[in-house]
Amino acid sequence: MTFDDIKGMDLAYEEALKGFNEGGVPIGSVLIHKDGTVISRGHNMRVQKNSMTLHAEISCLEATNRVPASITKNCTLYSTLSPCSMCTGSALLFKIPRVVIGENETFMGAEDWLAKNNVEVINLKDARCKDLMDKFIAKHPEIWNEDIGE
């Protein structure tokens, strides 16, 4: 973990709060180049956009527009929650070599798939991320279950 990882997670958490305040699932994501440039930001917008697939990481990657893998292979993807298989697949497709997550107690995504593909995975175990998810799930368990395919 580096100071930059803390700053990156702070930005992802801002996105999660934005989603929460919009009435959506509070998961945020940020893509940051190794030179420190924020490439894109996004948050889960499944509720807001009535979408089946607009998870935070997908929203973030969508916001990059048409950035080639020659850029993304030099980036870190930050997510406040462990990425699901859909989001993991997107990170692998675009050759993102590093994923930093806020927490994986609420949901254990496809971290093993990332690791098997030589992606560095760092879990910050950020209590803010866990607390925000707990608050949302207590209030909207049906939306949460829908979000994780249950």
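How many bridges join strand β1 to strand β2, and do the two run parallel or antiparallel? Five bridges join β1 (residues 28-33) to β2 (residues 38-43), and the two strands run antiparallel. Strands here are DSSP runs of E with at least two residues, helices are DSSP runs of H or I with at least four, and both are numbered from the N terminus. Two strands count as paired if DSSP finds at least two bridges between them.

Colleagues, a word on the source. This is a predicted model, in which local features need pLDDT of at least 70 and side-chain atom pairs count only at pLDDT 80 or more, while totals for chains, interfaces and linings use all residues. Residues are numbered from 1 along each chain as its sequence is written, and side-chain values use heavy atoms, with hydrogens and water left out.

I turn to the overall picture. The protein has seven helices and five strands, in the sequence order α-β-β-α-α-β-α-β-α-β-α-α. Its radius of gyration, taken over C-alpha atoms, is 14 Å, close to the 15 Å that the globule rule (2.2 Å times the number of residues to the power 0.38) gives for 150 residues, so the protein is as compact as a globular protein of that length. Of the 150 residues, 50% count as buried, that is, under 20% relative accessible area with a 1.4 Å probe and protein chains only.

Let us return to β1. Six of its six residues are buried. Gly28, Val30 and Ile32 point one way from the strand, whereas Ser29, Leu31 and His33 point the other way. Leu31 has Ser40 as its bridge partner in β2. Four residues lie between the strands of this hairpin, and Gly36 takes a positive phi near 95° there. β1 also pairs with β3, in the antiparallel sense and over five bridges; His33 has Cys75 as its bridge partner in β3.

From β3 we proceed to β4. Four bridges join β3 (residues 75-79) to β4, and these strands run parallel. Ser79 is the bridge partner of Ile101 in β4. Between β3 and β4 the chain passes through helix α4 (residues 85-93), in a right-handed β-α-β crossover; with the strands pointing away from the viewer, right-handed means that the path from the first strand over the helix to the second runs clockwise.

Finally, β4 is joined to β5 (residues 120-123) by four bridges, again in a parallel arrangement. Arg98 stands opposite Glu120 in β5. The chain goes from β4 through helix α5 (residues 111-116) to β5, and this β-α-β crossover is right-handed.
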